[in-house]
Amino acid sequence: MSDTKVPELRSAAWFNNPDNPGMTALYIERYLNFGITREELQSGKPIIGIAQTGSDLSPCNRHHIELAKRVREGIVSAGGIPFEFPVHPIQETGKRPTATLDRNLAYLGLVELLYGYPIDGVVLTIGCDKTTPACLMAAATVNIPAIALSVGPMLNGWHKGERTGSGTIVWKARQMLAAGEIDYDGFMDLVSSSAPSVGYCNTMGTATTMNSLAEALGMQLPGSAAIPAPYRERGAISYATGKRIVEMVHQDLKPSDIMTRHAFENAIVVNSAIGGSTNAPIHLNGIARHLGVELTNDDWQAIGHDVPLLVNLQPAGAYLGEDYFHAGGVPAVVAELMRHGKLPHPGAKTANGLSIGENCDGITTDLPDVIKSYEAPLKHKAGFINLKGNLFDSAIMKTSVISEEFRDRYLSNPGDPEAFEGRAIVFEGPEDYHDNIDNPAYQIDEHCMLFIRGTGPIGYPGGAEVVNMQPPAELIKRGITSLPCIGDGRQSGTSGSPSILNASPEAAAMGGLALLQTGDRVRIDLNAGTANILVSDEELAQRRADLEAAGGFKIAESQTPWQEIQRSMIGQFDKGMVLEPAVKYQDVAHK
Ligand code: FES
Ligand code: MG
């Protein structure tokens, strides 16, 4: 960033190039069709893209269609020219087989738009889970000035006087249905009550996580992430965001100036303090790779594990999005971390030109039961641990959601309190799980661990959110509501399950999970950070040789061209699940 020299606008190469009047006229003439004059287009006003992720197909982000009007007003008032355009829609709950499949597709499309059109800066409209990483990854690759704008969470859901949170209520309602406490209609009513307005999931799922982290990274205006979608303040921050991006273009404040290694370290700490989703390491590692910033799952454990959980939101806690906003949102969390010297880099620059420390210093919460104090947090050590062993090189576990019941049953052996062993039950994907979880032949009891494989970025293209597997109905009736679950897929950020997930390399990439057999004993040691099949190295080598001789781990055929293309070039979860050939394209607007 330079404060002294105002950079020439990249849009001038399209709209105001006297050396090539023919091309300039061709570039300019069609854009005159909707009310902009040639004088304006050639006046040195920045062209500001509004990357629109909302559509009828993506209801979580649909309110951005309304908010974009306020963004435009902000852009115009600051002397910019707004150009709104669509981003490939991604709806977490609507896309088959999984919305993650489309994160990299939206990324690719947005890179082409930002690079190939006369855009000087861009407002990234973020919200539903994968829209945030897709947009930030594209901004990282192209590296033109960019600012993110959350659509905001839905209002709180209510049912019979209790808060019902997105996704989280589904897990609870499923158990109630399985136990015969509610019927089909009761199930539908209970789940629908959690979605009372426009906006994204109101729990601390992947959406609230990623929107909070976009702010913690410095890519949004301070206080922006938590404002509920329908609130007046959401419109106001949209206007302010439009104004600010014009200034960012004049200051040449680029994603690479904001999303530094320091910013990622801050975001990791904030992720622990908010109780963020296990999808966050996948997405942040992916964004970092497109910037050339080194970031690994070891960093997540080293920087984030010891940080306490401050935000009391479902699934780990009690409250929802509106409460998070009234409690002060990300700035109140950051300020509490700063008071205890736990924000690693208060000097990291943010989109408003100030540092995150300057933005947040001294802020206190009005709702101390929603954003807890550092001294009396909801939980200690709320970050992830990064497990390794002969099952995988890396798998994430969110220890903050381990229940007392689970802890008593598995993590209370005298002398070895953080380790447990069990008999492996292996499912080949979600269909196999659903077909066989209640199969008496499997003899599943409380000494079993449930494994699911073939559900990683290659195996189930994009990676399925299926690792949090419910125990057999028989066990639930006996009060055993969770078994240890391990897999190469993901799980919803709205799930409260302490699964070991995102295992990399996945079975389809011939990771150790591919060698596991039902009946094997497996040992997990949270203290040592290990996860091992208790069979000899020779036996594992033999199983690998047999599997390779049989043609490798079997995966289902691709159903669409994109599934096949992405499978051929996608990296593993621990490496951000990016398109590997895309990583070398960095700072492309300046090449
Ligand atoms: Fe879109 Fe949760 S489904 S934010
Ligand atoms: Mg304090």
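Predicted model: local features only at pLDDT ≥ 70, side-chain atom pairs only at ≥ 80, totals over all residues.
At what angle do H6 and helix H9 (residues 206-216) pack, and how far apart are their axes? The legends below take up this question and others.

View 1. Residues are numbered from 1 along each chain as its sequence is written, and chains are lettered from A and ligands numbered from 1 in the order in which they are written. H6 and H9 pack at an angle of about 30°, and their axes are 9 Å apart; axes are lines fitted to C-alpha atoms, for helices over the stretch in contact, and angles run from 0 to 180 degrees between N-to-C directions. H6 is therefore roughly parallel to H9, a term for angles under 35 degrees. Thr 132, Pro 133 and Leu 136 of H6 make the contact with Met 210, Asn 211 and Ala 214 of H9, contact meaning that C-beta atoms, placed from the backbone, lie within 7 Å. Helices (H or I, at least four residues) and strands (E, at least two) are DSSP runs, numbered from the N terminus.

**View 2. Four strands form an open sheet in the order E2-E1-E3-E4, with parallel pairing.** Strands pair if DSSP finds at least two bridges between them. Strand E2 (81-86) and strand E4 (146-150) each have a single partner strand, so one side of each is left without a neighbour in the sheet. Neighbouring strands of this sheet are turned by 25° against each other on average, direction ignored. Strand E1 (residues 47-52) is joined to strand E3 (residues 121-126) by four bridges, and Ile 48 stands opposite Gly 121 in E3. Helix H6 (residues 131-142) packs on the sheet, where it touches E1, E3 and E4, and its direction makes about 165° with that of E3.

**View 3. Leu 124 belongs to the largest nonpolar core, which has 163 residues.** Such a core is a set of buried Ala, Val, Leu, Ile, Met, Phe, Trp, Tyr and Cys residues joined through C-beta atoms within 7 Å. Leu 110, Leu 124 and Val 333 have the most contacts inside this core. Leaving aside neighbours within four places in sequence, the contacts of Leu 124 include Ala 51, Cys 135, Leu 136 and Ile 147.

**View 4. Lys 575 lies in the segment after helix H22 (561-567).** Lys 575 counts as buried because it has 21 C-beta neighbours inside 10 Å, the cut-off being 20 or more other C-beta atoms within 10 Å. Not counting residues up to four places away in sequence, Lys 575 touches Asn 285 and Arg 289.

Definitions and conventions:
Contact = placed C-beta atoms within 7 Å. Buried ≥ 20, exposed ≤ 12 C-beta atoms within 10 Å, placed from the backbone. Parallel < 35°, antiparallel > 145°, perpendicular 65-115°, else oblique.
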